[in-house]
Amino acid sequence: MLCSKKVQARSAGTMKLSRWTIPLLGTGLSMLPVAAMAEGMPQLDFSTPLTTSQVVWGAIIFALLYWILSRAGLPLVASVLEERGTKIARDLDEARAAKASADAGMAEADQATAKARAEAQAAINAALDEAKKKAAEQAEALNARLEKRLQDSEAQIAQARVSAMSALRQVATETATTVVTRLTGTAPDAGRLDTAIGSALAARGIG
Amino acid sequence: MAAEGSSSIDALGQFQLHPALGGIGASVNFTQSNLMMVVASLLVLALLWFGMKPRAMVPGRLQAAAELAYESMMSMCVEQIGPEGRKFFPFVFTLFFFILFGNLLGVFPYFFTFTSHIMVTLALALLVFVLVTAVAIKEHGLHFFSYFLPQGIPMVLAPLLVVIEVISYLSRVISLSVRLFANMMAGHVMLEVFGAFIIMLSGLGWLGYFPAGLSFGLNTILIGFELLVAVLQAYVFAVLTCIYLHDAVHLH
């Protein structure tokens with residue numbers, strides 16, 4: 001037992017100088033594989049049939065494990081994973097379908113809203129137009145009435161004016177006759193007076 | 001696992017094979033290594049069986065673990081090998097979890113690590129090698145042998161390169177098996193040695209308490225390291241298998 005003597009010597013060294021412990025342990029360790037080889041490994045001890053028989057048994061156990069895993073164990077996991085995969089895929093499809101129908105509903109609602117808005121706008125426009133037309137008609141009727149009244153009034157005024165003007169000539173003639181008679185004592189010549197009054201009236205734009 | 005007595009470290013005794021399951025096991029040379037294989041296999045099956053039992057739409061913890069195991073291996077197969085990887089998924093799954101549970105069980109005290117036996121890892125590597133070669137020949141027939149002749153090289157170099165390629169192809173078995181075996185063995189030897197240190201040093205009286213405590217701390221760290229190595233080596237084995245299968249399916 002060469003190796004154990006070495007190690008014993010090293011552990012004796014640690015007694016005296018414990019700060020050498022780690023380097024010594026390291027050295028001891030690095031020597032070990034070599035020492036192990038020298039000593040003869042149980043792994044290579046073919047004097048016992050167990051060294052090879054373990055391989056035979058190992059092959060049987062490994063084959064059995066492979067057989068059970070590939071027939072039962074792994075398909076079990078695969079089936080669960082597949083189940084989950086299909087479930088997730090199905091749920092995703094369902095969610096996608098729901099989203100599509102929701103989108104369709106949304107679009108429909110949007111369309112209906114737009115339609116209603118357009119209808120409302122049209123109704124508003126129609127009502128506005130009607131109201132405008134009505135207002136215009138009323139305004140026109142009012143205008144016409146007012147115009148008519150205006151014209152009537154103007155006609156009345158013109159008539160009144162004409163009558164007033166014709167009266168004016170008479171008044172002027174009478175006044176002038178009276179004034180001239182008072183001043184001169186004689187009545188003016190009716191023909192000349194009429195002419196003078198006519199020209200005076202014409203000069204003022206009347207008559 | 002600890003050394004008998006305080007004067008020697010029996011770092012390799014832990015790898016000694018014994019018959020398990022009493023007289024029946026002894027009569028058929030069923031070892032404790034095989035017992036751990038059975039335990040590991042049962043744990044893998046239990047994980048899937050009890051994990052997937054609820055068949056829940058929203059998985060619980062155990063079911064999530066089982067599904068993660070399934071999906072991580074599946075994605076590894078498909079990513080490394082290609083769409084054809086689904087065919088090899090059960091094999092890669094079995095391989096990875098057989099090795100992973102074997103490695104992890106070994107970290108428990110008094111448990112045997114069957115992946116620390118070169119014969120076991122060699123058998124697994126040979127299985128992978130035979131499978132890869134069989135797949136390659138089935139997929140490509142005799143054209144498979146063109147794999148050993150890299151394209152676009154001068155014919156003068158061909159004999160040399162073919163030899164190199166064949167050697168590198170064959171050495172996959174060695175590298176696969178030795179990597180796993182050496183990693184597991186080294187870790188367990190180190191654990192054993194530090195465990196023995198604790199006993200030896202604490203036997204020295206008050207002077208030994210500090211280094212014994214230090215060894216204990218180191219062993220604690222090593223256990224964590226072992227957990228990492230256990231997962232990593234199982235992953236490396238599985239991922240290399242996938243890469244070899246990719247080569248077999250696609251040839252380069």
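Because the model is predicted, local features are described only at pLDDT of at least 70 and side-chain atom pairs only at pLDDT 80 or more, while totals for chains, interfaces and linings use all residues. Residues are numbered from 1 along each chain as its sequence is written, chains are lettered from A and ligands numbered from 1 in the order in which they are written, and side-chain values use heavy atoms, with hydrogens and water left out.

Among contacts in chain B with a separation of 6 or more, 68% join residues 24 or more positions apart; a contact means heavy atoms within 4.5 Å.

The interior comes next. A nonpolar core is a set of buried Ala, Val, Leu, Ile, Met, Phe, Trp, Tyr and Cys residues joined through side-chain atoms within 4.5 Å. The largest such core has 72 residues, and those with the most contacts inside it are B:V92, B:F93, B:F97 and B:F237. Two or more residues each are given to this core by α3 (50-184) of chain A and, in chain B, by α2 (32-52), α3 (61-81), α4 (85-107), α5 (118-140), α6 (158-202) and α7 (206-250). The largest share, 13 residues, comes from α4(B). As for B:F97, its contacts beyond the neighbours within four places in sequence are B:V44, B:A69 and B:M73. A second, separate core of 18 residues includes B:A11, B:I118, B:V193 and B:L222.

The two chains can now be considered together. Their contact takes 61 residues from chain B and 47 residues from chain A. Between them the chains bury about 4,900 Å², 79% of it on carbon and sulfur atoms; buried area is the accessible area (1.4 Å probe) that two parts lose on being put together, summed over both. Of the area that chain B buries against chain A, B:R55, B:M57 and B:M119 supply 14%, more than any other three residues. B:T94 is buried, with a relative accessible area of 0%. Leaving aside neighbours within four places in sequence, B:T94 is in contact with A:F62, A:L65, A:Y66 and A:L69.

Charged side chains form a further kind of link. A salt bridge is a side-chain nitrogen of Lys or Arg within 4 Å of a carboxyl oxygen of Asp or Glu. By this rule there are eight salt bridges over all chains, and the count between chain B and chain A is two. In one pair that crosses between chains, A:R84 in helix α3 of chain A is joined to B:E67 in helix α3 of chain B, with 2.7 Å from N to O. A:R84 is buried at 14% relative accessible area, and B:E67 also counts as buried, at 5%.

Other salt bridges lie within a chain. A:D91 and A:K87 meet at 2.9 Å, N to O; both lie in helix α3 of chain A, four residues apart, about one turn of the helix. A:D91 counts as partly exposed at 32% relative accessibility, as does A:K87 at 28%. In chain B, the side chains of B:D247 and B:R172 meet at 3.2 Å, N to O. B:D247 lies in helix α7 and B:R172 in helix α6 of chain B, so this pair ties together parts that are 75 residues apart in sequence. B:D247 is buried, with a relative accessible area of 16%, and B:R172 counts as buried at 10%.

Conventions
Buried means under 20% relative accessible area, exposed over 50%, partly exposed in between (1.4 Å probe, protein chains only).
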